[in-house]
Amino acid sequence: MNTYETSFFCLCPVNNVRVCYRLTITTDAIIAVEELLAHIARWYESGFHELIADHLHEAFGGDQTLAADHHSVIITTRRS
């Protein structure tokens, strides 16, 4: 089992506030770090939390948790 963990920033599509995300992917597969970073980079300009989680799960599968603090509201999504 492999675990990939990273943090990244995206802009909120509602008010352009910078949001820090924390991503964890657990999978039997091997994920190229460069491919993971390329998929994350697609969302830097803006994106809704849940849509980012859907996209990353579609791209990499496994068990994923994406968490972020959106203006003092903690959002955690899990995809498996």
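**The nonpolar core**

Mentor: The largest nonpolar core has 18 residues, of which F8, Y21, L23, I25, L36, I52 and L66 touch the most other members. A nonpolar core is a set of buried Ala, Val, Leu, Ile, Met, Phe, Trp, Tyr and Cys residues joined through side-chain atoms within 4.5 Å; buried means under 20% relative accessible area, exposed over 50%, and partly exposed in between (1.4 Å probe, protein chains only).

Trainee: Which elements give two or more residues to this core?

Mentor: They are β1 (2–11), β2 (18–27), α1 (33–41), α2 (49–60) and β3 (63–70). Helices (H or I, at least four residues) and strands (E, at least two) are DSSP runs, numbered from the N terminus. This is a predicted model, in which local features need pLDDT of at least 70 and side-chain atom pairs count only at pLDDT 80 or more, while totals for chains, interfaces and linings use all residues. Residues are numbered from 1 along each chain as its sequence is written, and side-chain values use heavy atoms, with hydrogens and water left out.

Trainee: What is L66 in contact with, leaving aside neighbours within four places in sequence?

Mentor: In soluble globular proteins, nonpolar side chains tend to be buried together. Here, contact means heavy atoms within 4.5 Å, and the partners of L66 include F8, Y21, L23, I52, A53 and I75.

Trainee: How many bridges join β3 to β4?

Mentor: Two strands pair if DSSP finds at least two bridges between them. Seven join β3 to β4 (residues 73–79), and the two strands run antiparallel. A67 stands opposite T76 in β4. The two strands form a hairpin with two residues between them, and H71 in the turn has a positive phi of about 55 degrees.

Trainee: Which side chains meet in a salt bridge?

Mentor: Side chains of opposite charge can pair when their charged atoms come close. A salt bridge is a side-chain nitrogen of Lys or Arg within 4 Å of a carboxyl oxygen of Asp or Glu. The structure holds one, between D54 and R79 (2.8 Å, N to O). The pair links distant parts of the chain, with D54 in helix α2 and R79 in strand β4, 25 residues apart.

Trainee: Why does D54 count as partly exposed?

Mentor: D54 does so because its relative accessibility is 37%. R79 is also partly exposed, at 22%.

Trainee: Is S80 buried or exposed?

Mentor: S80 is exposed, because its relative accessible area is 74%. S80 lies in the segment after β4 and touches H57, G62 and D63, not counting residues up to four places away in sequence.
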